[in-house]
Amino acid sequence: MSAITIDETIETQVRAIVADALELEEELTSTGLFVDEYGADSLAAIELLSTLEKTFGVTIEQDELPKMVNLEAVLEVLSRAAAR
């Protein structure tokens, strides 16, 4: 498995995946909380996890899901998953 460097291109791609999974029509900020600010539910979180795994060819452990509270945290989780 190759490591993923979180650059601007990857961040833009992840931002689009998150916005799609959360069905957002508003601007997604790096620190905006998915549940509190965007009304995300557990189904959206699972869809996000699955899409990230398929898109980037990584495995993200289920226990990482609660940590994925905003875009910044998703990028951190993705970076850790890619490093394994």
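These legends describe several close-up views of a predicted model. Local features need pLDDT of at least 70, side-chain atom pairs count only at pLDDT 80 or more, and totals for chains, interfaces and linings use all residues. Residues are numbered from 1 along each chain as its sequence is written, and side-chain values use heavy atoms, with hydrogens and water left out.

**View 1. Helix α1 packs against helix α4.**
Helix α1 covers residues 8-21, and helix α4 covers residues 71-83. Helices are DSSP runs (H or I, at least four residues), numbered from the N terminus. Two packed helices are described by the angle between their axes and the distance between the axes. Here the angle is about 120 degrees, and the axes are 11 Å apart. Axes are lines fitted to C-alpha atoms, for helices over the stretch in contact, and angles run from 0 to 180 degrees between N-to-C directions. The crossing of α1 past α4 is right-handed (the near helix is turned clockwise from the far one by less than a right angle). From α1, the contact (heavy atoms within 4.5 Å) is made by Ile10, Glu11, Val14, Arg15 and Val18. From α4 come Leu71, Val74, Leu75 and Leu78. By class, the residues of this contact are 7 nonpolar, no polar and 2 charged. In this scheme Ala, Val, Leu, Ile, Met, Phe, Trp, Tyr, Cys and Pro count as nonpolar, Asp, Glu, Lys and Arg as charged, and the others, Gly among them, as polar.

**View 2. Helix α1 also packs against helix α3.**
The axes of α1 and α3 come within 9 Å. They cross at roughly 145 degrees, and the crossing is right-handed. On the α1 side are Ile10, Gln13, Val14, Ile17, Val18, Asp20 and Ala21. They meet Ala44, Glu47, Leu48, Thr51, Leu52, Thr55 and Phe56 of α3. This contact has 9 nonpolar, 3 polar and 2 charged residues.

**View 3. Helix α4 has buried residues that pack against other helices.**
Which residues of α4 are buried? They are Leu71, Ala73, Val74, Leu75, Val77, Leu78, Ala81 and Ala82. Buried means under 20% relative accessible area, exposed over 50%, and partly exposed in between (1.4 Å probe, protein chains only). The buried residues of α4 pack against α1, α2 (34-38) and α3 (42-56). The length of α4 agrees with expectation, because its 13 residues should span 18 Å at 1.5 Å a residue and its end C-alpha atoms are 18 Å apart. The expected span is 1.5 Å times one less than the number of residues.

**View 4. Asn70 reaches the start of α4.**
Asn70 lies in the loop between α3 and α4. Asn70 is buried because its relative accessible area is 9%. A side-chain oxygen of Asn70 reaches to within 3.2 Å of the backbone nitrogen of Glu72. A polar atom of the Asn70 side chain also lies 2.8 Å from the backbone nitrogen of Ala73. Leaving aside neighbours within four places in sequence, Asn70 is in contact with Ser30, Thr31, Gly32, Leu33 and Phe34.

**View 5. Thr31 sits in the loop between α1 and α2.**

Is Glu64 buried or exposed? Glu64 counts as buried because its relative accessibility is 5%. Its place is the loop between α3 and α4. Not counting residues up to four places away in sequence, Glu64 touches Val77, Arg80 and Arg84. Glu23 lies in the loop between α1 and α2. Glu23 is exposed, since its relative accessible area is 68%. Glu23 is not a glycine, yet its phi is positive, at about 55 degrees.

**View 6. Thr9 and Ile46 lie in helices α1 and α3.**
Thr9 is found in α1. With 57% relative accessibility, Thr9 counts as exposed. The C-alpha atoms of Thr9 and Leu43 are separated by 26 Å, and the two are 34 residues apart along the chain. Ile46 is in α3. Its relative accessible area is 46%, so Ile46 is partly exposed. Ile46 and Ala21 are 25 residues apart in sequence and 8.9 Å apart in space, C-alpha to C-alpha.

Definitions and conventions:
Helix = DSSP H or I, 4+ residues; strand = E, 2+ residues; numbered from the N terminus. Polar contact = N/O pair within 3.5 Å; in protein donor to acceptor, adjacent residues only side chain to side chain.
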